[in-house]
Amino acid sequence: MALAVNSLALPYFVTNSEVRLRSRVRVQSLGSDRESIILSSDSIPVKGTSIEEKEKNGDLVDGFVRKGEKRDEGLVDGGNGRLKYTRVEKKRVKDDISNDLEVLWDDGYGTKTVRDYLEGAKEIIRPDGGPPRWFCPVECGQPLKDSPILLFCPGIDGVGLGLTLHHKALGKVFEVRCLHIPVYDRTPFEGLVKFVEKTVRLEHASSPNKPIYLVGESFGGCLALAVAARNPQIDLVLILANPATSFNRSQLQPLFPLLEALPDELHSAVPYLLSFVMGDPVKMATVNIESKLPPRLQIEQLSNNLTAMLPSLTGLADIIPKDTLLWKLKLLKSAAAYANSRLHSVKAEVLVVSSGKDQMLPSSDESQRLKSSLKNCTVRHFKENGHTILLEDGVNLLTVIKGTSKYRRSRRLDYVSNYVPPSMSEFKRISAEVGLLQTASSAAMFSTLDDGKIVRGLGGVPDEGPVLLVGYHMLLGLELSSLVEAFLREKNIMIRVPVTASNIYRLLSTNSHVLLYPGGAREAFHYKGEEYKLIWPKQQEFVRMAARFGATIVPFGAVGEDDIAELVLDYNDLMKIPVVNGYIRDAARKSIKIRDESQGEVANQIFYLPGLLPKVPGRFYYLFGKPIETKGKGEMLEDKENANQLYLQIKSEVESCLAYLLKKREDDPHRSIIDRTVYRALRSPADEVPAFDP
């Protein structure tokens, strides 16, 4: 079967899992009617009462009641390492647990800033006695059913609120727990490793088929690597944000001895200096600024954010007092040495998120070193961010995890059952990133009703799945981003693009709207003179598959590639150029073969970068044909001849859509970008510029 391979501008990645049923608790602060910033908190000392004893007594372990469910009390920190009971409000997970997320769900990104981190840190360090502990932030809420666990290991601050900007998003698809290391705690590095390791092993024993995520920031990155090295048999996924494994090469090494000799009365200035070294203040202050705002308003809001943030920096002196800072620097040194000596033992899946403007560590170089040293390591580099990348604008951690195919709920990565739809913040960001093409192409959408009438918009495409959209693949898939954006904006539907025959089968079984290009890569990388020519295979398997699920097939055509660019060098031309042809052959050998079972012209899938000559942009036009019902036709379409007749009908409908658009676009008074620009300036936004009358 001919299927397409595409990189959608909007992420549509994975999830899969098995989670045990638990009871969550909401802890109230002692002596206060105000709710704590913690959902659940438990102190598990490296030495002391064992986990088994706590379970036996029905106490809270890792923030959950495992046994003795009738108990109405919870453990909170009573100060100086003591634990006290307080009344708690409990809620069974199964009472309101969700199986799905809506398309364009609210992930909360951009609603929290570094100021929220600083204010939260000021609160959480008040009753700061006792050993390290796990807590679950309130903003994380209730995760989806069967979500994996995510353990966050903080940086040098030790507070555990480094994911403040990401709590709501991560809390939807993970059971989030954050490690808090009290300000005056002096647990050595190996003690912290054993502490995290104990939780990891407990979780693995309880759910052996689920991955465990360890997110480590700076110092926490060393901690995550150390735990992974000691537990190669456990399925771990490490997300390392500027890990401190490069501490011995820090740009600040010459300054560290001076800190020890610094008078106490001057130490209050150190946090201010460190704040500018560890992160980019401007990036931190732009997190909640809408990119679509006029430049003047953006600058005004940035100024207000910076002004509001600076007074909060005084709290850094309480988070990292002088003695603690000196201890943490020694801890960093031992952590880096410990982790580096055991990199060869790390078998976990690793994603390194690195910054290009890290003033504290050589994180960019370190990410490449880790990629070459670790067996299964992926790197995502953000050249404009600083050391505290998770508190800065431009990095939505869940988006990064999804976009690198690192999100899964079982041992096997599955793009269908583990699908996480795009959030509203992702949609806005991607819309801004592809905004130039969207504005230039100003897509005009048309669809066909059941009675054959052509109307503006997508009203003729069924809202309920399963729906199989079958159409023509423009040069380089130029039509894809506008098509996906239109369905999200107008119908709140995320179009799914399968990459294998089994995926299309499973997507139809989940009543999805599935986008299929029978011509695949051969059509998208067509040659000169092949514009708007369908290059389809002889097989008609997708017709039978659609009939099996009673899917509605909607043929469609898209035109406009010849209004955007002219193809001047195709595959045949490039293969005549010395050196260039060698690169193309080498790329072809290394590329993944998607459609090995296909025959004929469509099987000739050579990936190459064509030579294009840009034009003054015209416009993209889409026409979705009359829906073709297959419900109740399963037996009839089992016959090969009947299936072939429907296949040829669909192909003919797509060709008719293309012919209709090529003719009717001549009647569009706003086909030229100049005409559209004038119209938008005077009347309406890009997606509302009218086209021809259907």
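Author: A charge sits over a ring if NZ of Lys or CZ of Arg is within 6 Å of the ring centre and within 35 degrees of the ring normal. Keep that in mind as we look at this predicted model.

Reader: What makes the charged end of Arg496 count as sitting over the ring of Tyr419?

Author: The charged end of Arg496 is 3.6 Å from the centre of the Tyr419 ring, and the cut-off for distance is 6 Å. Arg496 is listed as sitting over that ring. There is another case: the charged end of Arg522 sits over the ring of Tyr527, 4.2 Å from its centre.

Reader: How many aromatic pairs does a search of the whole structure find?

Author: The search finds 17.

Reader: Why is the pair of Phe189 and Tyr338 called edge-to-face?

Author: Ring centres must lie within 6.5 Å to pair, and planes over 60 degrees apart count as edge-to-face. The centres of Phe189 and Tyr338 are 5.3 Å apart and their planes stand at 70°, so the pair is edge-to-face. Phe189 belongs to helix α5 and Tyr338 to helix α12, so this pair ties together parts that are 149 residues apart in sequence. Both residues are buried.

Reader: And why is the pair of Tyr621 and Phe692 called stacked?

Author: Here the cut-off is planes under 30 degrees apart. The planes of Tyr621 and Phe692 are at 25°, with ring centres 5.8 Å apart, so the pair is stacked. Tyr621 lies in strand β22 and Phe692 in the segment after α26, so parts 71 residues apart in sequence are tied together. Tyr621 and Phe692 also belong to one aromatic cluster with Phe446 and Tyr660.

Reader: How do you know whether Tyr621 is buried or exposed?

Author: Buried means under 20% relative accessible area. Tyr621 has 0% relative accessibility, so Tyr621 counts as buried. Phe692 has 2%, so Phe692 counts as buried too. Across the protein, 57% of the 694 residues count as buried.

Reader: What makes Leu476 count as partly exposed?

Author: Leu476 has 33% relative accessibility, so Leu476 counts as partly exposed. Leu476 lies in the loop between β17 and α17. Its phi is near 60°, a positive value in a residue other than glycine.

Reader: Which loop holds Ser218, and why is Ser218 called buried?

Author: Ser218 is in the loop between β11 and α6. Its relative accessible area is 5%, so Ser218 is buried. Phi of Ser218 is near 55°, again a positive value in a residue other than glycine.

Reader: What kind of peptide bond joins Gly465 and Pro466?

Author: A cis peptide bond, with omega at about 5°. Pro466 is found in the loop between β16 and β17.

Reader: Why are helices α20 and α25 described as roughly perpendicular?

Author: Angles of 65 to 115 degrees count as roughly perpendicular. α20 and α25 pack at an angle of about 100°, with axes 8 Å apart. That makes α20 roughly perpendicular to α25.

Reader: Which residues meet in that contact of α20 with α25?

Author: Phe542, Val543 and Arg544 in α20 meet Lys640, Ala643, Leu646, Tyr647 and Ile650 in α25. The residues of this contact divide into six nonpolar, no polar and two charged.

Definitions and conventions: Residues numbered from 1 in each chain as written. Predicted model: local features only at pLDDT ≥ 70, side-chain atom pairs only at ≥ 80, totals over all residues. Heavy atoms only, no water. Axes fitted to C-alpha atoms, helices over the stretch in contact; angles between N-to-C directions. Helix = DSSP H or I, 4+ residues; strand = E, 2+ residues; numbered from the N terminus. Parallel < 35°, antiparallel > 145°, perpendicular 65-115°, else oblique. Contact = heavy atoms within 4.5 Å. Nonpolar A, V, L, I, M, F, W, Y, C, P; charged D, E, K, R; others polar. Phe/Tyr/Trp six-rings, centres within 6.5 Å; stacked < 30°, edge-to-face > 60°. Buried < 20%, exposed > 50% of the residue type's maximum accessible area, 1.4 Å probe, protein only.
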